[in-house]
Amino acid sequence: MKKKEPDERLSELAFHIKETGSTAVSLYAPEIGAVCLQFANGEQVSESELVRLLDGVLGFCFEEEMVELFRKLCLAALRQHPQVVNEYVLLFKDLWDEGN
């Protein structure tokens with residue numbers, strides 16, 4: 001079997017990362033939509049549920065769609081869990097802000 005060149009391996013890796021990110025968006029989007037609806041309806045969402053979702057989403061914020069889901073979830077949860085949202089926004093900035 002022919003050994004792949006580094007550029008070819010990096011291209012394949014980038015493709016798989018992008019594919020994984022797209023899959024994550026499709027898995028998280030309905031769940032985040034449902035939780036945001038709960039917040040909008042004034043229903044209680046546990047802090048542990050919010051943290052679970054934010055933890056999961058945060059790792060895929062190289063995908064612009066995931067960033068939008070992160071923002072949507074944070075805005076929906078802000079009134080009920082302001083401290084958690086503030087902590088995750090700061091964490092997001094530490095991990096993903098290109099200005100750092």
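Biologist: Why is the pair of Arg 52 and Glu 31 called a salt bridge?

Modeller: In this predicted model, the closest N and O atoms of Arg 52 and Glu 31 are 2.1 Å apart. The cut-off is 4 Å between a side-chain nitrogen of Lys or Arg and a carboxyl oxygen of Asp or Glu, so the pair qualifies.

Biologist: What makes Arg 52 and Glu 49 a salt bridge, and where do the two residues lie?

Modeller: Their N to O distance is 2.9 Å, and the limit is 4 Å, so the pair counts. Both residues belong to helix H2, three residues apart, which is about one helical turn. Glu 49 has 24% relative accessibility and is therefore partly exposed.

Biologist: How many salt bridges does the rule give?

Modeller: Three. One of them joins Arg 71 to Glu 68, with the closest N and O atoms 2.7 Å apart. Those two residues lie in helix H3 (residues 64-77), three residues apart, again about one turn. Arg 71, at 44%, is partly exposed, and Glu 68, at 39%, is too.

Biologist: Why are Phe 60 and Phe 62 called a tilted pair?

Modeller: A pair of rings is described by the distance of the centres and the angle of the planes. For Phe 60 and Phe 62 the values are 6.2 Å and 50°. The centres are within the 6.5 Å limit, and 50° is neither under 30 (stacked) nor over 60 (edge-to-face), so the pair is tilted. Phe 60 is partly exposed at 22%, and Phe 62 is partly exposed at 37%.

Biologist: What are the values for Phe 62 and Trp 96?

Modeller: The ring centres of Phe 62 and Trp 96 are 6.3 Å apart and the planes meet at 50°, so this pair is tilted by the same rule. Phe 62 belongs to the loop between H2 and H3 and Trp 96 to helix H4, so the pair ties together parts that are 34 residues apart in sequence. Trp 96 is partly exposed, at 30%. Ring pairs link Phe 60, Phe 62 and Trp 96 into a cluster. The count of aromatic pairs in the protein is three.

Biologist: Why is Phe 39 put in its accessibility class?

Modeller: Phe 39 has 9% relative accessibility; the limit for buried is under 20%, so Phe 39 counts as buried. Phe 39 lies in helix H1. Beyond its neighbours within four places in sequence, Phe 39 is in contact with Val 45, Leu 73, Ala 76, Ala 77, Gln 80 and His 81.

Biologist: Which residues touch the most other members of the largest nonpolar core?

Modeller: They are Ile 32, Leu 54, Met 66, Phe 70 and Leu 73, out of 25 residues in that core. H1, H2, H3 and helix H4 (82-96) each contribute at least two residues. Setting aside neighbours within four places in sequence, the contacts of Phe 70 include Leu 54, Val 57, Tyr 88 and Phe 92. In soluble globular proteins, nonpolar side chains tend to be buried together.

Biologist: How does the radius of gyration of the protein stand against that of a compact globule?

Modeller: The protein has 17 Å, whereas a compact globule of 100 residues would be near 13 Å. Along its principal axes the C-alpha trace spans about 60 × 30 × 20 Å. Of the residues, 29% count as buried.

Biologist: What makes the pattern α-α-α-α?

Modeller: The protein has four helices and zero strands, and the pattern is read along the sequence.

Key: Residues are numbered from 1 along each chain as its sequence is written. This is a predicted model: local features need pLDDT of at least 70, side-chain atom pairs count only at pLDDT 80 or more; totals for chains, interfaces and linings use all residues. Side-chain values use heavy atoms; hydrogens and water are left out. Buried means under 20% relative accessible area, exposed over 50%, partly exposed in between (1.4 Å probe, protein chains only). A nonpolar core is a set of buried Ala, Val, Leu, Ile, Met, Phe, Trp, Tyr and Cys residues joined through side-chain atoms within 4.5 Å. Contact means heavy atoms within 4.5 Å. Rings of Phe, Tyr and Trp (its six-membered ring) pair if their centres lie within 6.5 Å; planes under 30 degrees apart count as stacked, over 60 as edge-to-face and the rest as tilted. The radius of gyration is taken over C-alpha atoms; the globule rule is 2.2 Å times the number of residues to the power 0.38.
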